[in-house]
Amino acid sequence: MELIKQIITEKIKEKEEIKMRAYERLLKYVVIHTASDENSEATPTTERQFELARLLVGEMQELGIQDARVDEKCYVYGTLPATPGLEKAPAIGLIAHLDTVPDFCGENVKPRVIENYDGEDVVLGESGRVLSRERFPHLPSLRGRTLIVTDGTTVLGADDKAGIAEIMTVVERLISENIPHGKICIGFTPDEEVGSGAYALDIDAFGADFAYTIDGGEEGEITYENFNACSAQFVVNGFNVHPGSAKDTMVNSLVVACEINQMLPAADRPEHTEGYEGFYHLTDMSGNVEKTVMSYIVRDHSMPSFEARKAELRHIEKVLNERYGAGTVELTITEQYRNMSEKIMPYFHLIENAKAAAEEIGLEPLIVPVRGGTDGAQLSFRGLPCPDLGTGGYAYHGPYEHITAEGMDKSVDLILGILRRYADVQEGE
């Protein structure tokens, strides 16, 4: 009998030793280059996303998830069956995305781990960039934590590999700690950063009644309102002749393009807006006298205001074509996603349970509007109510991206607390 106890004890210790904290997984995932491509029409937009997808399938299989798989479009699925007696509890989905933002380098990521961070400015490698308290006044609040930063030449990739790492850690803890739970549906999507991440997720195969994307900011963040969003492209067709004889003949497309931007309200730019305030954001412009292409993203939480913004763009197109001639300016507006709040409100238990779980572990619930979008917005409108939870990270989409190991731990505990509440729904019946 004593020998059996010893063997069991050793097995338990062995299991505990192989358990990983979420940040350790993050460090493994971020070195895999998974940036999406906004100019590609393929799904996924980049084949490199499959490398991380296949790694995750293998890790899930090692954890015992028998149906772990990746499909031909790079969507990863897996199911953790309900523990005995909880088969009727709501099936909860956990979703994160594989890709990183295409706007800033995501290749050759070299994360730096700073233990017992002192809350002061951090020089980011030899890049010449500094993670400073002046730019990021929350940094002193992270004092004493384990801070993870970039070397200043790439994104870190915590958006959204932190979400992936936290989901995988939750799954391992559910299994290794024998935590009672209903059915857990795991999904990792490609191409979220280019706005198409959730459109091909097979919701029926995924199998969840409700879901959370793990793709937000600091720990304790709970969001169910996001921007209405579209992209807008202006193509300006100029008329190029020799400048010496250009009077009343030349139409310089570059000048007309500048005129377009000046016709939009200068105060309605991302750098001047916050909270529920919308914006026009010029993301790219290239061209010459003959032809110029301008790319905007347009955002607003209010649907009437969003429609008004699109109407303003069409009005600019009309006015300039009347001024310079038909066909000078061509506008294409592409819808991207809508504010998911109307789809979440009928299922507000998703927010209440998240708030209660946060408070239970000593986090102040941060109910904030998303100044962007998530896979959850598309999924909510496709019939799967899906708010978003923070991962513990800051300053996403650039070289100043940073996160703490402790923040990730809190995010894991928050998810576990939510899952316990949905398991209690059945146990309390």
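**Salt bridges, cores and backbone**

Modeller: Glutamate 177 counts as partly exposed, at 33% relative accessibility. In that scheme, buried is under 20% relative accessible area, exposed is over 50%, and partly exposed lies in between, with a 1.4 Å probe and protein chains only. This is a predicted model, in which local features need pLDDT of at least 70 and side-chain atom pairs count only at pLDDT 80 or more, while totals for chains, interfaces and linings use all residues. Residues are numbered from 1 along each chain as its sequence is written, and side-chain values use heavy atoms, with hydrogens and water left out.

Colleague: Which side chain meets glutamate 177 in a salt bridge?

Modeller: That of arginine 173, at 2.9 Å from N to O. The term salt bridge requires a side-chain nitrogen of Lys or Arg within 4 Å of a carboxyl oxygen of Asp or Glu. Arginine 173 also forms a salt bridge with aspartate 413, where the closest N and O atoms are 2.8 Å apart. Because aspartate 413 lies in helix 11 (residues 405–427) and arginine 173 in helix 4 (residues 158–176), this pair ties together parts that are 240 residues apart in sequence. Aspartate 413 is partly exposed, its relative accessible area being 24%.

Colleague: How many salt bridges does the structure hold?

Modeller: There are 17. Among them, lysine 310 and glutamate 335 meet through their side chains at 2.6 Å, N to O. Lysine 310 is part of helix 7 (residues 303–324) and glutamate 335 is part of strand 14 (residues 329–337), so the bridge ties together parts 25 residues apart in sequence. Lysine 310 counts as buried at 3% relative accessibility, whereas glutamate 335 is partly exposed at 46%. A network of salt bridges also links Glu120, Asp121 and Arg133.

Colleague: Let us change topic. How many helices and strands does the protein chain have?

Modeller: The protein chain has 11 helices and 18 strands. With a radius of gyration of 24 Å, close to the 22 Å that the globule rule gives for 429 residues, the chain is as compact as a globular protein of that length. The radius is taken over C-alpha atoms, and the globule rule is 2.2 Å times the number of residues to the power 0.38. Helices (H or I, at least four residues) and strands (E, at least two) are DSSP runs numbered from the N terminus. The C-alpha trace spans about 100 × 50 × 40 Å along its principal axes.

Colleague: What share of the 429 residues counts as buried?

Modeller: Of those residues, 50% count as buried. Among contacts (heavy atoms within 4.5 Å) between residues at least 6 apart in sequence, 79% join residues at least 24 apart.

Colleague: Which residues have the most contacts inside the largest nonpolar core?

Modeller: They are Leu26, Ile164, Phe188 and Tyr212, in a core of 66 residues. A nonpolar core is a set of buried Ala, Val, Leu, Ile, Met, Phe, Trp, Tyr and Cys residues joined through side-chain atoms within 4.5 Å. Leaving aside residues up to four places away in sequence, phenylalanine 188 touches partners including Leu56, Met60, Cys74, Ile164 and Met168. A second, separate core has 19 residues, including Val251, Ala257, Leu264 and Ile316.

Colleague: Which residues of helix 3 are buried?

Modeller: The buried ones include Phe50, Leu52, Ala53, Leu56, Val57 and Met60. Their cover includes helix 2 (22–29), strand 2 (76–80), helix 4 and strand 8 (184–189). Just after helix 3, glycine 64 takes a positive phi of about 100 degrees.

Colleague: Where in the model does the backbone call for a second look?

Modeller: Most residues other than glycine have a negative phi, and most peptide bonds are trans. The peptide bond from threonine 43 to proline 44 is cis, with omega near 0 degrees, and proline 44 sits in the loop between helix 2 and helix 3. Another cis bond joins aspartate 159 and aspartate 160, with omega about 15 degrees; aspartate 160 belongs to helix 4.

Colleague: Where is asparagine 108 found?

Modeller: Asparagine 108 is in the loop between strand 3 (92–97) and strand 4 (112–114). Its phi is positive, about 55 degrees, although it is not a glycine, and it is exposed at 54% relative accessible area. Asparagine 116 has a positive phi near 50 degrees and counts as exposed at 59%.
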